[in-house]
Structure formats: C-alpha cells, structure tokens
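Subject: The two-chain model

Hi,

Here is the structure I said I would pass on. Have a look at it first, and then read my notes below.

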Amino acid sequence: MHDPAAARTPVLETRDLSKNFGGLRATRNVSLSLHRNELHAIIGPNGAGKSTLVNLLAGEFRPSAGTILLEGRDVTGLTNWRRTRAGIARSFQRTNIFLPLSARENVRLAAQAKTGTLASLRGRAAGAVSLVAAADQAIERAGLTGSRDRIAGELSHGEQRQLEIAMTLATEPGVLLLDEPLAGMGQEEGERIAALLKDLSRDHAVLLIEHDMDFVFKVADIMTVLVEGAVLATGTPQDVRRNAAVQAAYLGGHA
Amino acid sequence: MTSDTRLLPHSRNGWLMLTAGAVALAIAPQFLPLYYVELGTSALIAAMLALSMQVLVGATGLVSLGHGAFYGLAAYTVYLVSPESAAQPMWLTLPLAMAVAGLAAFLVGLLSIRTSGFFFLMVTLAFGQMIFFIFHDTKLGGGTDGAYLGKPLISAFGATFDLPRRQRPLGIYYVALIQLMLMYAGLALLLKTLFGRALEGIKVNEHRMRAIGYDTYTIKLIAFTLAGSLAGAAGHMWALHRGFVNPEIVGWHQSAEALLMILLGGLGSLHGPILGALALTGLGEATQVLTEVSKAPYVPEKIAALLRLLGERKLLVEGLVILAVVIMLPRGLAGIGSKRLDKSGGGHA
C-alpha cells in the first residue's frame, strides 16, 4: 500500500544539530529523521531542549552547528517564514493566534501566505474564493467548522488549540511541528486531538512534543528521548519503553 | 464571505455618513469667510499627513517619529525645483515630491524596519532629525529662516491658476480636498486587497505572520515607503498652500502632531485621522477664540482672566482635550456611535 523506498527517504532530517545559548548547550548533536506517514514524538524532562529543537527546525533560532535538510535540500540558512513556505509548519506551545480576527480569517491568512507580496497587492481579499476554500478545508480537518465564524479570542482554550493546528495545515506543509498541542486540554478533548494527529500523520511527517506520556505512547510511531539537549534513544514506543537508559533517566516507574 | 478590513466602515450607513462628511467639506467653503477657507485647507493638509501616517499606525501597527520628515522633505522639494518667478506645473511637482519623499522613506525603512517597538521609534526619530538638520544647518533651503516660493503657486497642464487674490484660497482648498479624497479612496482599495489583510495580520501579531510564511520585512517596507510618499503629497500641498518652507515642517513634532490627530480621531478606522486633523485644527482655533472672547466688554474680569490664561496656553488646552477624549472615547472621535453597530456584528463574518 505504501512505497517503502519513499518512506525511507526522510522528509526532514537533521545532522549533528547543536544550539548553544552562551554556556548552555540547549541542543547537542541531534540527528533525527522525520518520515511521511509517521508520527514522531519527542519526549524528555523539562529543560531537555524539546522546544529549542522545534525552534531550530522552524527557523526561529539559528543552529550553532549542524545542518537541516528538507527533502534532501539544505534549509539550515532559511529564516522562519522561508521555512514555512518551503513546507515546514509549526504550532506553538502557548497559543499564538490572531485574537481579534475570526477563526476563519486566522486560517485564511495562513492560506494566503503563499501568495507573493507583490501578487497580494493585486488580489482583492473579497475575491479570494480559493483561499477561503483552502481555509475551510483546514478548519474542517481540525474539527472547527462549527466555530469558524467566531472571533478567535472568544473560542474556548481547546478550540484555540485546534485553530493553531488548522493554521499550520493551511500553509500546506509537508512537515508539521506540533509543540504540545494538548497543553491545557481536558481528557475528552485529548481523545479528539489524538484521532486528529493520527489522521494528519497519514499525509504529513509529524513531529510531536508532548508531556502526557499515556497520550504519547498511544499515538507515536517513533519516539526520540531527549535528555540535556542530546538524543538518549530513538525507536518505536516498545523499544523506548524497554530501553534501560531511558528508564533510568526519565521514565522512572512509568514502564 | 471574507471578513472585510476593520478600518473601513462596516455598514452602508457608515459609508453614507462618510459621503455626507465629504459633501459637507466640499460645500463648506461656499459659506465661509476666506480666513476659514484657508484654515480649512491647513486642516485638510494635516488630514492628508495624518491619513498617510495611519497606513503605518492603524493599518500596520508601526509607530514612526520620522514620518513628518518625509512631509517636510516634499515641501522643500517643491521649493528646490521651482524657479524664482514661475510655478512649476503640478503634474511635475506632485509626482516629484512624492517620489523624493517615497525614496527617502524607502531608504530609512531599509535600515529601520528590522527594529521594532521602542527601537523603531528611536531609529525613525534619528533619521527624521537627520533630514531636519540638512535643512536647518545648511543654506540649501534658506537655512533656519526658510524661504519663499515664487508665485503663482499652482499651475497645471500649462495653465496657471493665477486666480484673483480673493479666489486663490478656494482653488487651493479644492485641490487639497480632491487629493485627500483620492488618498482615502486609494487606501480603502489597498486595504481591501490581500496585501491589506496581511497588513492587518502584522498589526495584530507579526510573529505569527512570519511563522505562517509571510515576509513581513518586505510588507512593512512597502507600507513604510507608500506612507512616506503619501506624506510627500501632503507636504507638497503645504508648500503650495503657504508658499513658504522652513525647517519647522521637517521636525519630529510634525510626526507627533499627526500621531495626536490619529489618537484623537481614532486608531481603528481609516477616516479617524481625518476627523482628528479637523478637530485638532478647530481646537487650536477655538483657543484663539477664547482670547478674543476675554476681550469682550461684558465678560466678568475673573472669567476673562481664565479665558486669557487658557487662550495663551494653546498646547495645554489641546493636551487636556486630547487626554479627555482618549480616556472617554478609547476609539477616538470615529468611535462615537459605532459601538452598538459593532456589537450587533457589523460585518465581521
């Protein structure tokens, strides 16, 4: 059903990626590969460098060393907006949306980003039917259709988290970097997001950062454990669960 | 279907009121003494400057203190290209003044747009003052004293509008009014484009705009350059109106005054700055009237003294009124009566 050769070529790959903040080595020689049709979770204790890694991949931070390859192309030097246009979209740990605008306009803006700056001067917003359609599709996929005309700032916390995801989807990315999409969500909402993430990983390479271990073990295809900025272990959830070093360093009695 | 920009009227009534305002501005000079027509022209030019600045402040969320410099630079451009005794035609001076102001804004923007918030304010202030000192400290435009433009002031398409002295102010008033209306219409169209939507996104949350793939630097640079060249149109009109340039019009307080007009009229609408400019000009005039009234024989001495006190402190009165408006009308003069409309969902679909 799925071409294994294509699955083996990583969509996003890092090679010896490092980031230092002064004396702090937040990311140390991280090499990992994200594949399409694969949900890759990054776990690790607080301060392990998970968010730094997302920021490096999204182009928010310049790495101190190492390279980032997108479909084999070196994108290390690209700034955040160019990375997004190249196909790497990220959501934020702390909800980062356009609060006074409608949910639909939030997502429509994300869909519009690919229209070049000069082309945007010629295009009337009211005539941009295809952008609205693209936005509605992303909204539907994120399960937010019922609330799409509401002002983003008035949505519930859970809906705002879904809006975050809808916005990243609307940029038509190949890679989704989701930084704690569950943050602050209830049990029931969590189930919904789990199903959504599974669905998204069918046609995207998904990198997920999440604290909730039960959730991660349930949805992840591959897991990477970060400790003090470095990769401690990578493997399937079963591998990671059995890994002695991981148990000692992080999972404790969980497994 | 798509939400429209929030800077334009949300309803048919809003547009009707705007049209009524434009008609009132068009017929008012027919009923006013020439002194007030000239004052009106000054207000319209101030409105052009404030409107051009709204492209930055209200539409993009950029507060610049260098904006007035582009206005002054354009006025000096008119002076510098006009020979002693004949006016250059407007079809030459207007595009030239706008181009010079726009080019200056582009260069300043290249170097300042990467900064934000307080630093942007300071960098634009520094560049603005550099332009100020070019005219203040060199003989280029008459130095600190300024210089007079040759007369007649307005000419176009080979014909000079060498109107009789009593009608000249009317001519200039209408030239200014037409430019203001065109500027508003042009900006309204701009805000309705996808580019306008991107500006709003940057105003609301620039970081998120970059994260979803917008080149916010270029977008802001375009807005900054456009605003600068529109300020140039205002400065050009100022030169034609006053027939005089001096370094004052290049200084940073031009920017500050335009900011006050935006604050007074309303940050959240495109027509707010126009209202603010008219109101602030009227307010300045009203403080003069206080002094006049204090001289009337039937005014009790104590009240006359108070009126004189206020009349002599024009800036104090202006400051107090602006403070009161900002506190009582957070959305400025343009926000009066529109609250209810918004609550009932004035087109935010």
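Strand β9 of chain A (residues 222-227) and β10(A) run antiparallel and are joined by five bridges. One pair to click on is A:Thr224, whose bridge partner in β10(A) is A:Thr234. Before you go further, bear in mind that this is a predicted model.

Those two strands belong to an open sheet of six strands in chain A, in the order β6-β7-β8-β3-β9-β10, with mixed pairing. Which strands stand at the edges? They are β6 and β10 (230-235) of chain A; each has a single partner strand, so one side of each is left without a neighbour in the sheet. From one strand to the next, the twist averages 20°.

At the other edge from β10(A), look at β6(A) and its partner. Strand β7 of chain A (residues 175-179) runs parallel to β6(A), and four bridges hold the pair together in the bridge count.

Is β6(A) covered or left open on its faces? Both faces of this strand (residues 88-91) are covered. In a regular strand, side chains alternate between the two faces of the sheet. In β6(A), A:Ile88 and A:Arg90 lie on one side, A:Ala89 and A:Ser91 lie on the other, and all four are buried.

Helix α2 of chain A (residues 50-58) lies across β3 (38-43), β6, β7, β8 (205-209) and β9 of chain A. Relative to β7(A), α2 of chain A runs at about 150°.

Now the domains of chain A. The assignment gives domain 1 as 1-87 + 174-255 and domain 2 as 100-172. Their C-alpha centres lie 25 Å apart, and the contact takes nine residues from domain 1 of chain A and eleven residues from domain 2 of chain A. On the domain 1 side, the elements that give two or more residues are α3 and α8 (187-200) of chain A. The biggest giver on that side is α8(A), with three residues. By class, the domain 1 side has four nonpolar, two polar and three charged residues.

A:Asn29 is not a glycine, yet its phi is positive, near 45°. A:Asn29 sits in strand β2 of chain A (residues 24-34). Is A:Asn29 buried or partly exposed? With 15 C-beta neighbours inside 10 Å, A:Asn29 counts as partly exposed.

A:Glu172 is the other one, with a positive phi near 55° in a residue other than glycine. A:Glu172 is found in the loop between α7 (157-170) and β7 of chain A. With 17 other C-beta atoms within 10 Å, A:Glu172 is partly exposed too.

On to where the chains meet.

Chain B itself has 13 helices and four strands. Of its 349 residues, 48% count as buried. Among contacts in chain B between residues at least 6 apart in sequence, 78% join residues at least 24 apart.

Last, a helix pair in chain B. Two packed helices are described by the angle between their axes and the distance between the axes. For helix α3 (residues 67-81) and helix α9 (residues 252-265) of chain B, the axes come within 6 Å and cross at roughly 115°. The crossing of α3(B) and α9(B) is right-handed. From α3(B), the contact is made by B:His67, B:Gly68, B:Tyr71 and B:Gly72, and from α9(B) by B:Trp252, B:Gln254, B:Ser255 and B:Ala258. By class, this contact of α3(B) with α9(B) has three nonpolar, five polar and no charged residues.

Cheers

Technical notes. Residues numbered from 1 in each chain as written. Chains lettered and ligands numbered in written order. Predicted model: local features only at pLDDT ≥ 70, side-chain atom pairs only at ≥ 80, totals over all residues. Buried ≥ 20, exposed ≤ 12 C-beta atoms within 10 Å, placed from the backbone. Contact = placed C-beta atoms within 7 Å. Pairing = 2+ DSSP bridges. Domains from an automatic or database assignment. Nonpolar A, V, L, I, M, F, W, Y, C, P; charged D, E, K, R; others polar. Axes fitted to C-alpha atoms, helices over the stretch in contact; angles between N-to-C directions. Left-handed = near helix turned anticlockwise from the far one by under 90°.
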